Amino acid sequence: MRVRVTLLFILFAAGWLWLDARAQSGGPIVSGAHRFEKVADGIYYATASGTMTVGANSPIIITDTEAIVIDSEITPAAARALVADLKAITDKPVKYVIDSHYHYDHAFGNQVFGPDVQVIGHENTRKRLLGNTMEQYTYLTSVEPVPARVAALRERSQKETDPQQKVLLERQIANSLAYLEQVKEIRVTPPTVTLDRKMTLFRGGREIQLLYFGRGHTDTDVVVYLPKERIVCTGDLMESVISYMGDAYADEWPATLDRLMTLDFDTVMPGHGVVFKGKAHIEAFQRYLRDLLKQATDLKKAGVAADAAAPRIDMRAFATDFPQLRAAGVDVAAVRRIYALADRHEPAH
């Protein structure tokens, strides 16, 4: 769920088969806390400029009469910044917000949008956001480590002799401290309009399909499909980097991606990472998921506890497609989740 800006440069240098769409966009428009990369006419990809913590990347769809935001970002402050920064690319008001799923970094800006804006999400997104999401591991891991991270950054900053690096470290410290203040304002706000399998918006000459293909990253993953433009916005169901798996259904995820790939699209705008082309990267992630599931399951059968299994799982065979895989070991939250779901499926003794 977290993306390092440096990854973007790694992707350029390596020249992967899945392409960063910015090569065709003429460069991003920077406005406040966001960069807007033009992907097609009236279609933009909003990412962090580095001045504040915004969480997810947000696809923006502009019609004749309004702007449609996919994912309201990590806090009300980030959502307000997004609304303000949008003025750099459109004077049209935001009338729809689509939650790709329920995770905090995609939906905790919902409260900023008033009654004149429809917030749309899956039925399960509404159910989960009516629950105790701020008390759950996935959210708490975004907040609880921040003080220790700030202390580590301060120590690095004090020792740093390169002025440019020192400025970057100080900015990270400021952003982290601001985030701790910004989360105090959050009132978890569920969608006001929900779908089960499919909803279609016809807005200003655009056909915008909202589709649910099944469980994967969560049980709430909605993709937004623009058939005329041959673009799909996938949230965290499919990222250009490795998706967080602490709430995932790893055994069902590859089949859900099979259903996604029945759509006719050329361009993927993911919830994190970079815009990419084609379906080969999705197929690579399916292989990653199957191998991770097999390794974790084998270790579980061998009696290895989840926390001990996580550092032993080696996914470096997939480093060509996911260059952040530089060492053995995976997120312990992913392995705990795989173990927990396996325990539910096993018969009682």
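Two strands are taken to pair if DSSP finds at least two bridges between them, the strands (E, at least two residues) and helices (H or I, at least four residues) being DSSP runs numbered from the N terminus. The structure is a predicted model, in which local features need pLDDT of at least 70 and side-chain atom pairs count only at pLDDT 80 or more, whereas totals for chains, interfaces and linings use all residues. Residues are numbered from 1 along each chain as its sequence is written, and side-chain values use heavy atoms, with hydrogens and water left out.

On this basis, six strands form an open sheet with mixed pairing, in the order 9-10-11-12-13-14. Its edges are strand 9 (198–203) and strand 14, each of which pairs on one side only. Within the sheet, strand 10 (residues 206–212) runs antiparallel to strand 11 (residues 222–226), the two being joined by four bridges, and Gln209 has Tyr225 of strand 11 as its bridge partner.

Strand 13 (residues 267–270) directs Thr267 and Met269 one way and Val268 and Pro270 the other, and all are buried, that is, under 20% relative accessible area with a 1.4 Å probe and protein chains only. With strand 12 (residues 231–235), strand 13 pairs in the parallel sense over four bridges, Ile231 standing opposite Thr267. Together with helix 8 (residues 253–260), strands 12 and 13 make a right-handed β-α-β unit; here right-handed denotes a path from the first strand over the helix to the second that runs clockwise when the strands point away from the viewer. Strand 13 is also joined by two bridges to strand 14 (residues 276–277), which runs antiparallel to it, and Val268 has Phe276 as its bridge partner in strand 14. Strands 13 and 14 form a hairpin with five residues between them, and Gly273 in the turn has a positive phi of about 100°.

Among the helices, helix 11 (residues 332–345) has 14 residues and should span 20 Å at 1.5 Å a residue, in agreement with the 20 Å separating its end C-alpha atoms; the expected span is 1.5 Å times one less than the number of residues. Asp331 caps the N-terminal end of helix 11, with a side-chain oxygen 3.1 Å from the backbone nitrogen of Ala333. The buried residues of helix 11, including Val335, Ile338 and Leu341, pack against helix 5 (137–143), helix 9 (280–301) and helix 10 (306–309).

Thr125 lies in helix 4 (residues 123–129) and counts as buried because its relative accessibility is 0%. Residues up to four places away in sequence aside, Thr125 touches Asp99, His101, Tyr102, Pro191 and Thr220, contact meaning heavy atoms within 4.5 Å.

Definitions and conventions:
Buried means under 20% relative accessible area, exposed over 50%, partly exposed in between (1.4 Å probe, protein chains only). A polar contact is a pair of N or O atoms within 3.5 Å; within protein, one must be able to donate a hydrogen and the other to accept it, and residues adjacent in sequence count only if both atoms are side-chain atoms.
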